[in-house]
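Subject: Structure handover and notes

Dear colleague,

I am passing on the structure below, followed by notes on what was found in it. Please read the notes with the structure open beside them.

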Amino acid sequence: MKPVIKKASAVAAAAILACALTACQSAGTDAAQTVEATAGQPQESTAMAEEKTEAAAEQSTETEGQESQGTQDNAPGGSLVVYFSWSRNTRNVAEEIGRQTGAGLFELVPATPYSEDYNTVLEEAQDEKSQAARPEISDAIEGFENYDVIYLGYPNWWGDMPMIIYSFLDDYDLSGKTIVPFCTSGGSGIEASVRSIRSACPNANVLQGRRVNDTSAIQPWISQLGL
């Protein structure tokens, strides 16, 4: 009987070894299949994931900023700098007023541009004045009714406002608004044009205004206005 027991034990040991080898081979095959299945898929690195997160955050912040600015620009009780500038002189003053007051900016651009030649534009301005012309403005102000304070800027041409300013006064209802005129000029004052604005806008509060040729004078003037 002893030889039989040894043979049975050997057969059992061989069966156990075969099962173990089969299990190992199956596990190895599964692992290899897993590696093969994922090897062709692009793996996103940590750096790439961080870049995507940062970009999404920046885009969200930028969108929120744009929405906030749009709300502020059109908020009731806001202020707006409306100006015409043939050269950059009046534009520089307008932009500085915008910076110091937080007001929006709108440039009056004629649909038919003026000449770039100084002597020619003086002739054009004189012709428009003699004809009481109303040059067409190329664009419109959105949400104008939401602004309570209008800073109105222009160069002094022939002792008066350029006729495109009259176009603006005709096109928009300024009743109940506060108008703060300012002009740039080499010599003439602003008094005559302020009288013209008051005549054109009898239901607006037209302040005395100021001739500004030096942007350093803007901050004290703005402070005095108390707006």
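Contact here means heavy atoms within 4.5 Å. In that sense S185 touches N156, R211 and N213, with residues up to four places away in sequence left out of the count. Please keep in mind that this is a predicted model, in which local features need pLDDT of at least 70 and side-chain atom pairs count only at pLDDT 80 or more, while totals for chains, interfaces and linings use all residues. Residues are numbered from 1 along each chain as its sequence is written, and side-chain values use heavy atoms, with hydrogens and water left out.

S185 lies in the loop between strand 4 (178-184) and helix 6 (191-200), where helices (H or I, at least four residues) and strands (E, at least two) are DSSP runs, numbered from the N terminus. S185 counts as buried because its relative accessibility is 10%, the classes being buried under 20% relative accessible area, exposed over 50% and partly exposed in between (1.4 Å probe, protein chains only). The side chain of S185 also reaches the backbone oxygen of S188 at 3.0 Å.

For the pairing of strands, DSSP must find at least two bridges between them. Strand 3 (residues 147-155) runs parallel to strand 4 and is joined to it by seven bridges, with L152 standing opposite P181. Strand 4 also pairs in the parallel sense with strand 5 (residues 205-206) over two bridges, where I179 stands opposite V206. Two bridges likewise join strand 4 to strand 6 (residues 210-211), again in parallel, and there C183 stands opposite R211, a residue that S185 touches as well.

Finally, the aromatic rings: a search of the whole structure finds seven aromatic pairs, where rings of Phe, Tyr and Trp (its six-membered ring) pair if their centres lie within 6.5 Å, and planes under 30 degrees apart count as stacked, over 60 as edge-to-face and the rest as tilted. The rings of F168 and Y172 have their centres 5.3 Å apart and their planes at 40 degrees, so this pair is tilted. F168 counts as buried at 0% relative accessibility, and Y172 counts as buried at 15%.

Best regards

Methods:
A polar contact is a pair of N or O atoms within 3.5 Å; within protein, one must be able to donate a hydrogen and the other to accept it, and residues adjacent in sequence count only if both atoms are side-chain atoms.
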